Amino acid sequence: MLPCFDEDEMLKLIAKFCSIEKRFISSAKGYSLYLRPMLIGTNGGLGVAAPTEALFLLVGSPVGAYHAQDLSKISIETVSSSTAVRAWPGGPGNKKVGANYAPCLVHEITARQRGYKHVLWLFGAAGHLTEVGTMNIFIVFRREDASGYELATPRLRGTILPGITRDSVLSLAREKLQPTRWSINERDIPMEEVAAASEKGLLAEIFGTGTAAVVTPIRSIN
């Protein structure tokens, strides 16, 4: 465990940083100043032990759309837990740590060589959806009786990053969508259910969410 940094002081530093670097905050649509706070252990010497010293730093960069080459849609490929596991119960899958990204790189590279933008990680024998490499995932199902829709996203169970954009989408959906027409659920979603809904014409939409990706429609899943 890394040493803690005072949260109030951190927010003050971020506000001061943005004030100093405000020239990099674009007013153009789709552009923003991306901020990445980081905490890195700085103990001297080698050994397997929790650090007692750490450096807090903030990296800021002007960014445009994360998927600028095709804003309308991306394609993704599934990887089941029988092949590889991105995160496991009791592990750090729900934390923003570098260790969550390194195991994904080989499969991301392989998927891109086959023409896919990202990997959708499945978990368990039932092939439950977890998340796409840099995004949480949402599914919009049509009700079989045509009375409305379900907006569903995988529930948080320690293996999925609790994204801020994910939370914003859920909050806005519960506030703005008509409850008689929409049900908003965080639940287990087997890949077989998604495939079956697609076959029946009950799959209305799939999209990913993230700080950099914002809300990105997904065109297809292999």
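Me: Which residues line the largest cavity?
Reply: That lining is made up of Ser81, Ala84, Val85, Arg86, Ala87, Trp121, Leu122, Phe123, Thr130 and Thr159. By cavity I mean a set of points on a 1 Å grid over the protein atoms alone where a 1.4 Å probe fits but cannot get out, and lining residues have an atom within 4 Å of a point. This is a predicted model, where local features need pLDDT of at least 70 and side-chain atom pairs count only at pLDDT 80 or more, while totals for chains, interfaces and linings use all residues. Residues are numbered from 1 along each chain as its sequence is written, and side-chain values use heavy atoms, with hydrogens and water left out.

Me: How much space lies in that largest cavity?
Reply: About 60 Å³, where a volume is the space filled by probe spheres set on the points, and grid points are joined across faces, edges and corners. The structure holds one cavity of 30 Å³ or more.

Me: Which strand gives the largest share of the cavity lining?
Reply: Strand E4, residues 118–123, with three residues. Strands (E, at least two residues) and helices (H or I, at least four) are DSSP runs, numbered from the N terminus.

Me: And how does the lining of the largest cavity divide into nonpolar, polar and charged?
Reply: Six nonpolar, three polar and one charged. Here Ala, Val, Leu, Ile, Met, Phe, Trp, Tyr, Cys and Pro count as nonpolar, Asp, Glu, Lys and Arg as charged, and the others, Gly among them, as polar.

Me: OK, pockets now. How much space is in the largest pocket?
Reply: About 1400 Å³. A pocket is an open set of points with protein on both sides within 12 Å along at least five of seven lines.

Me: How many residues line the largest pocket, and which lie nearest its centre?
Reply: There are 43 in the lining, and Arg36, Lys96, Val97, Tyr101 and Leu161 lie nearest the centre. Strand E1 (32–41), helix H2 (105–113), helix H3 (164–176) and strand E9 (203–210) are the elements that give two or more residues each. E1 gives the most, with seven.

Me: Which domains does the pocket lining draw on?
Reply: At least three residues come from each of domain 1 (7–64) and domain 2 (75–221). Those bounds come from an automatic or database domain assignment. Taken over C-alpha atoms, the two domain centres are 27 Å apart.

Me: Switching topic: is Glu131 buried or exposed?
Reply: Glu131 counts as buried because its relative accessibility is 5%. Buried means under 20% relative accessible area, exposed over 50%, and partly exposed in between, with a 1.4 Å probe and protein chains only. Glu131 sits in strand E5, residues 128–132.

Me: What does the side chain of Glu131 make a polar contact with?
Reply: The side chain of Arg86, at 3.5 Å. Arg86 is also one of the cavity-lining residues. The Glu131 side chain reaches the backbone nitrogen of Leu161 too, at 3.0 Å. A polar contact is a pair of N or O atoms within 3.5 Å; within protein, one must be able to donate a hydrogen and the other to accept it, and residues adjacent in sequence count only if both atoms are side-chain atoms.

Me: What about Ala146: where does it lie?
Reply: Ala146 is in the loop between strand E6 (136–142) and strand E7 (149–154). Its phi is near 60°, a positive value in a residue other than glycine. Ala146 counts as exposed, at 62% relative accessibility.
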